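Thanks for coming. I will take one structure and go through it briefly.

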Amino acid sequence: MLNSLQKEILKLKEEKNAIILAHNYQTGDIQEIADFLGDSLELCIKASQITDSDLVIFCGVDFMAETAAILNPQKKIILPDREAECPMAHMLPAEDIKKAREKYPDAAVVLYVNTLAEAKAEADILCTSSNAVAVVESLAQDQILFGPDMNLASFVAGKVNKEIIPLPEKGHCYVHKMFHTGDIAFMREKYPDAVLLVHPECDQEVQDEADEILSTGGMMSYVAQSDLKTFIIGTEVDLITRLRRENPSKIIIPLLSEAICENMKLHTLEKLKNSLINEEYAVSVDKEIALKARKAVERMLDVS
Ligand code: SF4
């Protein structure tokens, strides 16, 4: 049952011919009224298919809204809170990629979609946590500069027969860094029959102890298709909100209930309403940068 604010937002959305895209880490009240909910790859694909909306309200972090702007230069892309930034995306300035290219002239540059537009413009191809291995395997080069997440880099290195060089050396997501093997031991003892799913942004030793390493979209499909009953989920807590809503007969437990991305949580229903009324805060990307970045995004979408 929707509350009055949610209903008001849906009415405004109709009036403005807007679409609301939301990441899986948004709070449940935003998830409930989003037109589309997904992980970075799913949102990227959705953003590339928007045709009939005048306004795109993006409940996610800066790099996601920028990607939507890169793919839709003619549309107005709105971030309800302009401070919603991904700290990991800011760990890799474009300048560092240029320097790394000079040091490794034969390497391909594969960047996680969690990068700013300026960095994307320096990449050969992008990837997300759900397609990173396929993207790296699609390239002719055997040496890959991979950034900015060192844990995703190490996950990919374990799956492909290529040299993966993390860029920067220690780029990471502070949320997925919160998980430790002690949390796993505790939960395994408490729920011995549960399956443990963790995100590839988790540290290597956490990945080593998981049953499956999956993107949030991969976790959604895994739980929906599994005949098993109990799942422990090692990613941001609001993915669990969505999993529980869409799988009411299953038991979904967070590996760590403190794993909260404060940056994602900057968006609220009030701010979402304001973004529809005042069309703020518009996200724009420099034309030349957008053109270069778009090529790297489109190469990834071709692989996907
Ligand atoms: S969960 Fe991590 S990678 Fe995702 S937006 Fe938050 S800080 Fe960035």
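How many aromatic pairs does the rule count here? The count is 1 aromatic pair, where rings of Phe, Tyr and Trp (its six-membered ring) pair if their centres lie within 6.5 Å. The rings of Y222 and F231 have centres 6.4 Å apart and planes at 85 degrees, so this pair is edge-to-face; planes under 30 degrees apart would be stacked, over 60 edge-to-face, and the rest tilted.

Before going on, this is a predicted model: local features need pLDDT of at least 70, side-chain atom pairs count only at pLDDT 80 or more, and totals for chains, interfaces and linings use all residues. Residues are numbered from 1 along each chain as its sequence is written, and side-chain values use heavy atoms, with hydrogens and water left out.

Back to the pair. F231 is buried at 0% relative accessibility, while Y222 is partly exposed at 24%. Buried means under 20% relative accessible area, exposed over 50%, and partly exposed in between, with a 1.4 Å probe and protein chains only.

Next, the ligand. Residues around the ligand include Y25, C86, N114, E201 and M264, each with a heavy atom within 4 Å of it. By class, the shell has 10 nonpolar, 1 polar and 1 charged residues; Ala, Val, Leu, Ile, Met, Phe, Trp, Tyr, Cys and Pro count as nonpolar, Asp, Glu, Lys and Arg as charged, and the others, Gly among them, as polar.

Last, domains 1 and 3. Here 12 residues of domain 1 contact 13 of domain 3, contact meaning heavy atoms within 4.5 Å.
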